[in-house]
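Please find below some notes on the model, written for reading beside the sequence and the coordinates. They are set out as numbered points.

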Amino acid sequence: VQTCALPISHKLSTEVTTALLILLNPTATNKNVLAYKNWLVEYNFARINMIFATTDAHKIFRPLVNRCEEVYFHTYTNKELFDILKMYLPGIKIACDKTDIAYASRGRARDAFLLAQKIQRYCNKEGIKVFGKDAWNEVKDIFGIHTLGLKTEEVTLLKIIAESEQISSTNLAVRMDVNVQNIESEIEIRPRELGLIESGTRGRVLTNAGLTYLRKIK
């Protein structure tokens with residue numbers, strides 16, 4: 001059995017998507033034939049597994065999704081994120097708050113890797129092998145990393161919502177001088193994941209956790 005993996009599947013071209021719709025159409029024999037130029041190519045899906053990977057499944061053509069079995073992975077724990085980050089820092093001893101640094105990985109292995117690169121560059125510049133509290137605080141200052149790993153624009157979003165009590169994404173975009181899509185697809189995502197904001201009857205509103213967060217960082 002062969003396995004074919006297609007990463008960033010929401011970026012598949014129309015031509016490739018059309019071909020996959022033909023190939024993945026269910027049949028009694030698990031076989032389909034694709035015409036390509038002067039050839040007829042038979043695919044036996046009793047011998048082939050196709051895996052589509054993406055973080056934006058809603059962008060994949062729906063009829064293609066309907067031909068697949070959807071699998072969602074669980075979110076990483078802070079311990080798992082710390083272990084991933086440590087894996088990318090061989091030879092560096094992490095001697096700061098593990099939970100704080102795990103939150104800065106923002107729930108994703110890719111972010112843990114990017115954070116590890118920042119830490120590695122800092123350690124190389126300073127010529128150190130032990131990454132302690134003072135070093136971590138300096139890295140946070142350099143890269144604008146706040147409590148719970150939030151970015152500066154995410155903290156700004158929370159403050160604007162707190163001032164307004166409830167505010168629409170359109171008005172948030174005006175206040176922050178960005179597009180509405182930036183708010184809905186980027187800036188508000190992590191605060192929502194952490195349960196700091198939610199949708200009210202007239203727009204975004206801070207949760208009790210969000211209010212507590214702002215009180216603690218003042």
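1. In which strand is Gly 203 found? Gly 203 is found in strand β8, where strands (E, at least two residues) and helices (H or I, at least four residues) are DSSP runs numbered from the N terminus. This is a predicted model, in which local features need pLDDT of at least 70 and side-chain atom pairs count only at pLDDT 80 or more, while totals for chains, interfaces and linings use all residues. Residues are numbered from 1 along each chain as its sequence is written, and side-chain values use heavy atoms, with hydrogens and water left out.

2. Gly 203 counts as buried at 11% relative accessibility, given that buried means under 20% relative accessible area, exposed over 50%, and partly exposed in between (1.4 Å probe, protein chains only). Not counting residues up to four places away in sequence, Gly 203 touches Gln 166, Ile 167, Ser 168 and Glu 198, contact being heavy atoms within 4.5 Å. From C-alpha to C-alpha, Gly 203 and His 58 are 23 Å apart in space, and they are 145 residues apart in sequence.

3. Thr 207 lies in the loop between β8 (203-206) and α11 (208-217), and it is buried, with a relative accessible area of 13%. If its neighbours within four places in sequence are left aside, Thr 207 is in contact with Gly 195, Leu 196, Ile 197 and Glu 198.

4. Helix α7 (residues 152-164) has 13 residues and should span 18 Å at 1.5 Å a residue, which agrees with the 19 Å between its end C-alpha atoms; the expected span is 1.5 Å times one less than the number of residues. In α7, the buried residues are Glu 154, Val 155, Leu 157, Leu 158, Ile 160 and Ile 161. An α-helix has 3.6 residues a turn, so residues three or four places apart point the same way. What covers the buried residues of α7 includes α8 (169-176), α9 (180-187), α10 (189-193), β7 (197-200), β8 and α11.

5. Two residues deserve a look for their backbone angles. Glu 165, which follows α7 and lies in the loop between α7 and α8, has a positive phi of about 70 degrees although it is not a glycine, and it is exposed, with a relative accessible area of 60%. Arg 106, in the loop between α4 and α5, has a positive phi near 60 degrees, but it is buried, with a relative accessible area of 11%.

6. Ser 105 is also found in the loop between α4 (98-103) and α5 (109-126), and it is buried, with a relative accessible area of 0%. Residues up to four places away in sequence aside, Ser 105 touches Leu 81, Leu 85, Asp 111, Ala 112 and Leu 115.

7. The structure holds zero disulfides, a disulfide being a pair of cysteine sulfur atoms within 2.5 Å. Cys 68 counts as partly exposed at 30% relative accessibility, whereas Cys 123 counts as buried at 1%.
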